[in-house]
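Here is a friendly walk through one protein chain.

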Amino acid sequence: MQTITTIAELRRALENARKADKRVGFVPTMGYLHDGHLALVEASRARCDVTVVSIFVNPTQFGPNEDLSTYPRDFLRDEKLCRDAGAAIVFAPDAGEIYPAQFETFVEPGELAKPLCGAFRPGHFRGVATVVCKLFNMVQPDVAFFGQKDFQQCAVVRRMARDLDLPIEIVIVPTVREPDGLAMSSRNRYLGEGDRRRALAISRGLLAAADGFRSGERDAERLVAIAKKHLDAVDRLQYLELVDCDTLKPAESSLCRPAALCAAAYVGSTRLIDNVVLVPQTL
């Protein structure tokens with residue numbers, strides 16, 4: 001495995017792979033890797049000849065009162081995990097490599113960036129779309145892999161790739177959960193023992209709604225209510241919304257299209273997100 005820190009070196013490293021017509025897979029991350037990230041690497045290795053993992057904590061997607069300075073970092077651990085998982089390249093640039101002096105061009109996403117997290121984190125998806133677009137141009141992968149836990153991010157990236165005619169297949173990998181159901185997240189390390197127990201309310205609520213859906217419930221309000229019953233344990237529920245998977249607009253009152261039940265909540269000072277996707281069976 002190669003660890004690379006500059007764009008020029010990355011392009012040189014991938015040149016031979018392209019000449020050999022090898023399929024390049026890409027897993028963009030902000031580091032502090034967990035099994036959810038490694039599932040993306042595994043998916044890439046199953047479909048591609050060369051897997052590139054980027055590790056970059058992107059400053060442009062953090063708001064002024066968010067956790068950029070304290071976001072968990074452990075590069076040596078991440079590097080070993082990538083090596084053990086079979087990645088070919090770890091791309092770990094510094095902020096100056098991604099955003100050189102006088103940088104001023106951003107990708108501005110549209111309506112998909114406005115609801116859910118976008119309503120509470122102004123500018124977040126502008127930063128996400130910009131850094132992902134730049135990384136796509138640097139790596140030029142055939143396929144890029146993202147986790148379903150960041151459902152709105154996946155929707156924004158998929159639309160960006162389509163709208164900007166980027167020749168990249170976007171693959172969404174199902175959320176990886178702890179044995180007790182908590183969605184894996186780098187921010188889980190912020191949770192003390194008591195907060196960790198209370199955080200389970202999020203996944204319990206969402207999974208209870210999914211069980212109700214599997215049992216035949218199709219009323220959107222009732223599905224949200226099923227989930228909400230479990231969420232009293234969190235300190236602040238930021239949102240709990242059932243949205244159309246394609247548009248992220250509120251789902252129809254009686255579900256007949258794929259929808260995502262998405263939640264964001266604070267447990268202590270830690271903000272966690274999660275979702276479940278509900279797909280009606282068609283005749």
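Which residues line the second largest cavity? They are D244, A251, E252, L255, C256, R257, P258 and A259. Before going on, a word on ground rules: this is a predicted model, where local features need pLDDT of at least 70, side-chain atom pairs count only at pLDDT 80 or more, and totals for chains, interfaces and linings use all residues. Residues are numbered from 1 along each chain as its sequence is written, and side-chain values use heavy atoms, with hydrogens and water left out.

**The whole chain**

The chain has nine helices and nine strands (DSSP runs numbered from the N terminus: H or I of at least four residues for helices, E of at least two for strands). Its radius of gyration is 19 Å, close to the 19 Å that the globule rule gives for 283 residues, so the chain is as compact as a globular protein of that length. That radius is taken over C-alpha atoms, and the rule is 2.2 Å times the number of residues to the power 0.38. Along the principal axes, the C-alpha trace spans about 55 × 45 × 40 Å.

**The empty spaces**

Rolling a probe the size of a water molecule over the atoms shows where empty space is left. On a 1 Å grid over the protein atoms alone, a cavity is a set of points where a 1.4 Å probe fits but cannot get out, while a pocket is an open set with protein on both sides within 12 Å along at least five of seven lines; lining residues have an atom within 4 Å of a point. Points are joined across faces, edges and corners, and a volume is the space filled by probe spheres set on them. The search of the whole structure turns up two cavities of 30 Å³ or more.

| Space | Volume | Lining by class |
|---|---|---|
| Largest cavity | about 70 Å³ | five nonpolar, three polar, two charged |
| Second largest cavity | about 40 Å³ | five nonpolar, no polar, three charged |
| Second largest pocket | about 280 Å³ | 10 nonpolar, two polar, six charged |

In these classes, Ala, Val, Leu, Ile, Met, Phe, Trp, Tyr, Cys and Pro are nonpolar, Asp, Glu, Lys and Arg are charged, and the others, Gly among them, are polar.

Strand 9 gives the largest cavity the largest share of its lining, three residues. Lining residues of the largest cavity include K149, N188 and L272. As for the second largest pocket, 18 residues line it, and P109, G110, E111, L112 and R159 are the closest to its centre.

Strand 3 (residues 50–55) and strand 4 (residues 89–91) are joined by three bridges, and V53 stands opposite V90 in strand 4.

The other open sheet has three strands in the order 7-8-9, and its pairing is antiparallel. Here the edges are strand 7 (236–244) and strand 9 (270–278). Nine bridges join strand 8 (residues 259–267) to strand 9. A259, one of the residues lining the second largest cavity, has L278 of strand 9 as its bridge partner.

Definitions and conventions:
Two strands pair if DSSP finds at least two bridges between them.
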